[in-house]
Structure formats: C-alpha cells, structure tokens
Amino acid sequence: MSPFRLRRLLALAAIVGVADPNGPAFAQRALPTIEVGAAHRQRTTAPRRAATATPRSAPVSPLGAPAPSTVDKQTARLDRLLPKTGANVYRLDRSAIESLPQGNQATLDQILLQNPGVTQDSAAGGSFHVRNEHGNVQYRVNGILLPDGVSGGFSQVMDTGFIGSVSLITGALPAQYGLRTAGVVDIVSRPPPPTPGGNVSIYGGSHATGQSAFDYGAQGSRWEAFASGRLTMNNLGLQNTTPGHEALHDRTRQGRFFGFASYAIDESTKLSFITGTSVVGYQIPNNPRQQPQFAPYGVNWFDSGKLNENQVERTFYNVLALSKSTAELDAQISYFSRYSTVHYVPDAIGDLTFNGVASNVYRAGLVNGLQGDAAYRLGDHTLRGGFTVSGEQSKVINSSLVFPLDADGNPGNTPIGAYDPNVKLGWLAGVYAQDEWKLTDKLTLNGGLRFDQMWQFVTANQLSPRVSLTFKPVEDTTFHVGYARYFTPPSQALAAPTNLAVYANTTQQAEVPLSSPVRPERAHYIDVGVTQRLTPQLEAGVDFYYKRARNLLDDGQFGQAYVQTAFNYARAYNTGVELKALFRDGDFRAYANLAWARQRATQVTSNQFLFGSDEIDYISGHYIYTDHAQTLSGSAGASYVFWGTRGSVSMIYGSGLRSGFANTTHASPYTQLNLGLAREIGTVFDRPLTLRFDIVNLLDHAYQLRDGSGIGVFAPQYGPRRGFFVGLKQAF
C-alpha cells in the first residue's frame, strides 16, 4: 500500500472515530443506560448510526444527547465516597432521560415515576410518593444534601436540563443517608461538552404551553462550567379540579436556572460551586358549581368558577464544595445554603363565601449548613465517616379573615381578623461511621452507626445502627439483605404549631381542641432483594421490604393554600414487594416495573385539631390506610432508533389513592400512556437541529387522582387529558 493511500485511510478512520476510541464517533454511539438494582453491570452496545452529519468539534449522540463519560467519572468518585451498598439503585443517565417522551421537557417528578415503587399524586399531595411514604425523600446534588423547602421537596424546583444522571436509592440505606429515608434522589450534575457550546430549544402545544430553554458549557485545562435555564408558561400549572381538557383559572409562569463550576487546584483537589433558582407563580384552579355556605357583608352568592386565588413559590440554593481524591482517600467538605418562600393570596370574599375563612399564608425558611464525608481504603476494609449540621430560620404566618360565632354557634356576616405568626431558629446535626468489609470476593458486609440530634419545636435524638450483606454467588446474580434504624425529624415549617386561641368562637374553631407538637418519626426497616441477569440482554429483580414505625409522619392540605401541615400517627407499618425488569438489545430498550404496597396507621398524636372528632375516634380504634397509600402501581416504557428517528413510549398505572371517611375507600384505577418521537432534521451553521413530537395521555383517559375526600385532601384533582406538543432544539 502506498504512503499516500495509507494516509488517506488513516484520515478517514480518524473522521469516523475508528482510529480514536475516545473520539466523537464513539461518543456519538453511547447508548442510554438504565441500571436496575445494586448489582447492575454497565453494558454498552453500539446502535446503528443515524445518517446525519455531525461536526467533529461537537460530540453528541444521534439525537443530541451528550457523551456521559465525565458523568460516569463523577459518579464513580461519589460511589467510592458515598456508596449505595446493600440498597436498591435505579439509575437513568442523560441519554435515558432524553429517550423518554417529553425528554428534557419532562419535570423531575415525571421522570421519577418511571422507577419501581414510585406513585403519582397531585401537586397538593406532594407530586409523587416512594414506597407509599408521604414526602420523606432527600435530594442530593453531587453527593451534597439539599435541605427541604417550605413547600415540600425539590422535584418541582430542579431543572431537568442540568441533570447528568439521576439515581433513586431505596431500601436499607447506608449510614451516610440520614433524615429523609424513604428514598434518595441522587443527582450528578451535567458536565460541559469538550468544546464550548450548548443548545437552545423551544417547546409548546396543548394547554397554551410555551417553553424556552438553553444550556451552555465550557471547560479548560483546570476548570469547567455549565449553566441551564428554562422559562415555562401554560394553562395547567396545577391539577385540574374537573375532568375537562382545560382547567379554570390555572395559568402558571415558571422560571428556573442552574449553574455549576469547578476548578482543579491540583491533580487530586477540586473546588466546586453549584447555584440554582426557581420562581413559580400559580393560579389556584377553580372548582365550578359550588354552593355558597356563608354571606360575608351580606353577599350570599358567588360563582366559584371565578375565584381568584394565587400562589408564588421561590427557591434559591447555593453549594460550595472542596473535594480530595487519592488512591486511598476520598473526602469532601461542603457549605450549603437554601432560601425558600411560599405565599398564598386568597380571594377574600370568595374564600369566605365557600369556606368561612380567607387565609393569607406565608412561609419562609433560610437554611445554612456544613457537610463532611470521607472514605479511606485499607485492604479489605473501606472506612467511612462524616457529619452534617444545619440551622434553619423559619417563618410561618397565617393572617386570616374568619366569621365570629354568636352564643348559639351561628356565624355572623362581618368577618374579623385572626393573626397567627410563628418564627423559629432550629438546628439539625448528625454524625456517622461505617465499615465496608469484603469478607470474600463474593460477600460484602457494610455496617455502621449514625447519631442524629434535633433542636426544633421539640428536642430529640437517636442512635441508629445500619447493616447490610451483599452476596454475589456468580457474576450475574446479586442478593442483598439489610436492616436500618431510621430517625426522621419533621420539616420545621410544616411542624410549626398553631395558636388555637386566636380561632376560638369563630368559624375556624377546632372541633378537637388539641394541638400536640409534631414529633420525629422512629422506624425499623428491613429490605431483602435479588437482581439476576437472565440473558445478556435481560435483567430482572425482586425486592421485599417491611417497616414498623412509631410517630409516623404524615402531611395534608387542610385549607385552600397548596401547602402541607404535618401530624403524627402513633404506630404504623409499611410493607411491599417490587418487581423490575430491563431489556436492551442494540437500538431497542424496554423496561417494566410493578409494585404492591400497603401502609396503615393508627391514633393521631399531634395537631389533632386538623381532624373531626368522628375521625379521631375511628382512627384511635382502627388501623387505617394513609391517604397516599396505593395498593398497586406500575410503569413501563420502550424506545427504539429507526431510520434516524427515536420513538419512545412510557406508561404509568395506579390502582387509586385513598378517599372517603378515614380513607376507607379509594379512587378508581387509571393508566396514562405517553408517546414521543425525536429526529435530527438537519444542521444550522454545521450544528444539529432536532425536532421532537410528544403526546401525553394518548388514550385521553380522564382519571381522578383525588376526589376531594380523605384525610388532608381539600379539593378534587384530575390527571392531564390528552395533549400534543412539538419542540425544536438547536445546538450551537
């Protein structure tokens, strides 16, 4: 072969990526990965390449998803520092998220619904539940704990655009995971591309939806930075109170931003900074044809379809972290800060007409804290330890208009004010130590102790042992069994006490005049499971869990505002089984999950004034289902790349949340089916342009999440009706 022909062949090989295994073409071939179970081994199979020209300076997947190698390195470091040994892990990388219907436009809670044991709920009910728990989910970004917001978790705050990978961790958690323990949403931030660049996108369709988004990243020899932002508007911000296609008075405007930057001080030391902002404004959807119950100022008629209630939620968070990694040691210390507010503004006359109260609700919380974690490898042992400490200044103000009651208990027509403020500086602290011991090459023991202390509206602490065994008798089989003792403090803003005296002799007078303080939940938790690779393409798993709790924490919406108030059940148990499977073969990927679960509790022991006397009496003598308990839930999906087009389908199923007096009945079962198509349709300035089309609720099934009854349920909520959406994404 002549030197000229050899040079031509080498140049051609470099262009298509054959000469460089780390080159763009190989990055382009990265498949979406979804990991099921702790023992999943990452497998990569090259799909057929879409016939779309892609410049060498911008390595992207056939449909615009970034190469995941940097995320995998970060994930590996965090797994050494904060392992998931003995727990269940379900992981979606960036490409897997893009493969779902709606892809990057889906919210984090919609993505998490594709995990086993995760069930759907309304925004008022917390959006989703893990293993039938209300809330009790912690969020971590790059291993750093983000404290609760005043209006619930972070699922509606985080922008999907900044996620490099997201893992849901459940079961008997290792000792480093404290406080919120129903599940850990573990997020690794999205890395910048090898060369400066990003994407801009527009997306819109049904319910007057309009969305614009961007992401941009760059890196140098020692530094890297990435930012993403999104503006969203639509007419279905919160769940519809009717089965119709469009809700009444449900416009929302939402803005989110995320930024990440890091600097390598030396080969083993890195300084990182994370910042995020979410500002969301909601109109509260109206429930038409309601009958007036009161006559403020003599007004005895009001159209409930014309109420004008509004709520604004703001969240700002920042994290500064210093990490060190050597052959034997991984360590990280971080400072975190979070400020969040929620403000509900009533329709004064309308709320008084229908409810006898119009409450202006304001909640704010400022948290600052430190977290430190370290792992040291010593032969067959990996020793780990760490701490977290945080202080929160919370402010809860309920400023209400209520009707006074006369001597016969009848309400007047002229409202009076009731002012109930509460300000508290509270503290949380925790410390842990554990040892991961490889007894043999097939058997690993992970044992640890955790101590947590709270100084909030109540003072309490607990020493919590954790232990798990992981057994791999053969390469493709992994068994795990674990026990954990859990200590869960209530969210400080949700546990703020109510001054019942200010509501005495008014329409808000409590039927049960008791307001015992909300206490931390204490629980014993056992989890047993197995993951099996049945064929090179198919992996399946089954997991069993049992929880016995004292002072079970629960929340409910007990008024017009979309905020939660906490209370305790004296005793409870939670049990369930989860089945999961994943199949991948070339361009085809499919998964399916099915879960059976039951959570029951008895005796309300705090904030008893939230309940009627008949409910209190019934619950005192019976184990009842909690309102968020759902017996059966499932999810499934598939995606396939054909002729350069990625088609995807996803499905969620629920047997119905609880309803009725003391949660003795349940809503009807439902299924929601979604479809998505995405294709690179060309290039603009030598960068790919991607078109996507999505259908939400393909079968247009009108289903209820809540019927307006049950404990802590204020109004009916329906799932979304069929919607059509189109988007364009341009790389630059």
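What pLDDT does the protein chain average, and what share of the residues score at least 70? I looked this up before anything else, as the model is predicted. The chain averages a pLDDT of 88, and 89% of the residues score at least 70. I noted residues 1-69 separately: pLDDT stays under 50 there, and the model has 121 contacts beyond four places in sequence for that stretch.

**Entry: Gly86**

I went to Gly86, which sits in the loop between helix 3 (69-81) and strand 2 (88-93). Is Gly86 buried or exposed? Its relative accessible area is 2%, under the 20% cut-off, so I put Gly86 down as buried. Leaving out residues up to four places away in sequence, I listed its contacts as Ala172, Ser468, Thr470 and His480. I also checked Gly171, which is 85 residues from Gly86 along the chain; the two C-alpha atoms are separated by 8.0 Å.

**Entry: helix 6**

I then took helix 6 (residues 348-355), where Gly350, Asp351, Leu352, Thr353 and Phe354 are buried. What covers these buried residues? I found that the cover includes strand 15 (329-345), strand 16 (357-378) and strand 17 (381-402). Just after the helix, I noted a positive phi of about 75° at Gly356.

**Entry: salt bridges**

Side chains of opposite charge can pair when their charged atoms come close. I got a count of 21 salt bridges and followed up a few of them.

Arg131 bridges to Glu578, with the closest N and O atoms 2.9 Å apart. I placed Arg131 in the loop between strand 4 (128-130) and strand 5 (137-141), and Glu578 in strand 24 (residues 565-585); the pair therefore ties together parts that are 447 residues apart in sequence. Both Arg131 and Glu578 are buried.

Asp215 and Arg190 form another salt bridge, at 3.6 Å from N to O. I found Asp215 in strand 10 (residues 209-219) and Arg190 in the loop between strand 8 (183-189) and strand 9 (197-205), 25 residues apart. Asp215 has a relative accessible area of 8% and so is buried; Arg190, at 5%, also counts as buried.

For Asp627 and Arg706 I read 2.8 Å between the closest N and O atoms of their salt bridge. Asp627 lies in the loop between strand 26 (624-625) and strand 27 (632-642) and Arg706 in strand 33 (residues 704-707), so this bridge ties parts 79 residues apart in sequence. Asp627 is buried at 2% relative accessible area, and Arg706 is buried at 3%. I also noted one network, in which salt bridges that share partners join Arg131, Asp527, Asp543 and Glu578.

**Entry: aromatic rings**

How many aromatic pairs does the structure hold? I recorded 20. Phe471 and Phe479 make a stacked pair, 6.5 Å centre to centre with 25° between the planes. I have Phe471 as partly exposed at 36% relative accessibility and Phe479 as partly exposed at 40%.

Tyr618 is in helix 7 (residues 613-621) and Phe661 in the loop between strand 29 (658-659) and strand 30 (665-666), so the pair ties together parts 43 residues apart in sequence. I also listed one aromatic cluster formed by Phe583, Phe588, Tyr640, Phe642 and Trp643.

Last, I looked at Tyr625. Arg600 lies over its face at 4.7 Å from the ring centre, and Arg658 lies over the face of Tyr625 at 4.1 Å.

Notes: Residues numbered from 1 in each chain as written. Predicted model: local features only at pLDDT ≥ 70, side-chain atom pairs only at ≥ 80, totals over all residues. Heavy atoms only, no water. Helix = DSSP H or I, 4+ residues; strand = E, 2+ residues; numbered from the N terminus. Buried < 20%, exposed > 50% of the residue type's maximum accessible area, 1.4 Å probe, protein only. Contact = heavy atoms within 4.5 Å. Salt bridge = Lys/Arg side-chain N within 4 Å of Asp/Glu carboxyl O. pLDDT = per-residue confidence, 0-100. Phe/Tyr/Trp six-rings, centres within 6.5 Å; stacked < 30°, edge-to-face > 60°. Lys NZ or Arg CZ within 6 Å of the ring centre and 35° of its normal.
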